[in-house]
Amino acid sequence: MDQLLQTDRNVTFLHPLMDLLSRPSDQKETLGERLAALLADLIQTLSNFQSEQATLSDAQVGLTEAVNNANERSEERLMQLETKLTKMIEAEIESSRERYDRMEKKIDRMLTLLSLPLD
């Protein structure tokens, strides 16, 4: 079965050559001309591929830099927000302590007043 498939491939690859050889003599290209044309097409295709690959590589580098910059900005912003939140929490804790101290003083005064003898 593999041999049959290989033979079929070989015959299929011969079709362009058979086409070239079976043309009338006024339409025949020499094998060299045909190969030169195919080679020129291949070189052009390769050149286009390399150009597009270079463009895509440049775009990828630019995109990577943009992502890295965005990550750095995000990290900086996160650190700023964390610092701001920490300061807000610390301020709220200090404010709560001050309110607690004032309430404690008021309660102490109330207890002192309640402990005075009734005259």
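Colleague: What percentage of the 119 residues in the protein chain is buried?

Modeller: This is a predicted model, in which local features need pLDDT of at least 70 and side-chain atom pairs count only at pLDDT 80 or more, while totals for chains, interfaces and linings use all residues. Residues are numbered from 1 along each chain as its sequence is written, and side-chain values use heavy atoms, with hydrogens and water left out. Buried means under 20% relative accessible area, exposed over 50%, and partly exposed in between, with a 1.4 Å probe and protein chains only. Of the 119 residues in the protein chain, the buried share is 1%.

Colleague: How many helices and strands does the protein chain have?

Modeller: Both are DSSP runs numbered from the N terminus: helices are H or I with at least four residues, strands are E with at least two. One of the helices is α2, residues 31-115. The count for the protein chain is 2 helices and 0 strands.

Colleague: Which residue forms a salt bridge with E94, and how far apart are the closest N and O atoms?

Modeller: A salt bridge is a side-chain nitrogen of Lys or Arg within 4 Å of a carboxyl oxygen of Asp or Glu. Because the two partners are 3 residues apart in helix α2, about one helical turn separates E94 and R97. E94 is partly exposed at 39% relative accessibility, whereas R97 is exposed at 52%. The partner of E94 is R97, and the closest N and O atoms are 4.0 Å apart.

Colleague: What is the distance between the closest N and O atoms of E92 and R99?

Modeller: The structure holds 2 salt bridges. E92 is partly exposed at 44% relative accessibility, and R99 is partly exposed at 37%. In the salt bridge of E92 with R99, the distance is 3.5 Å.

Colleague: Which residues form the negative surface patch?

Modeller: Patches are made of residues with over 30% relative accessible area and no salt bridge; like charges are joined within 9 Å, and nonpolar side chains (Val, Leu, Ile, Met, Phe, Trp, Tyr) within 5 Å. Asp and Glu count as negative and Lys and Arg as positive, without His and the chain ends, and the charge is placed at NZ of Lys, CZ of Arg, CG of Asp or CD of Glu. E98 is partly exposed, at 39% relative accessible area. The negative patch is formed by E98, D101, E104 and D108.

Colleague: Which residues gather in the patch of positive charge?

Modeller: K106 lies in helix α2 and is partly exposed at 46% relative accessibility. The positive patch gathers R102, K105, K106 and R109.

Technical notes
Accessible areas come from the Shrake-Rupley method with a 1.4 Å probe; for residues, only the protein chains shown count as cover.
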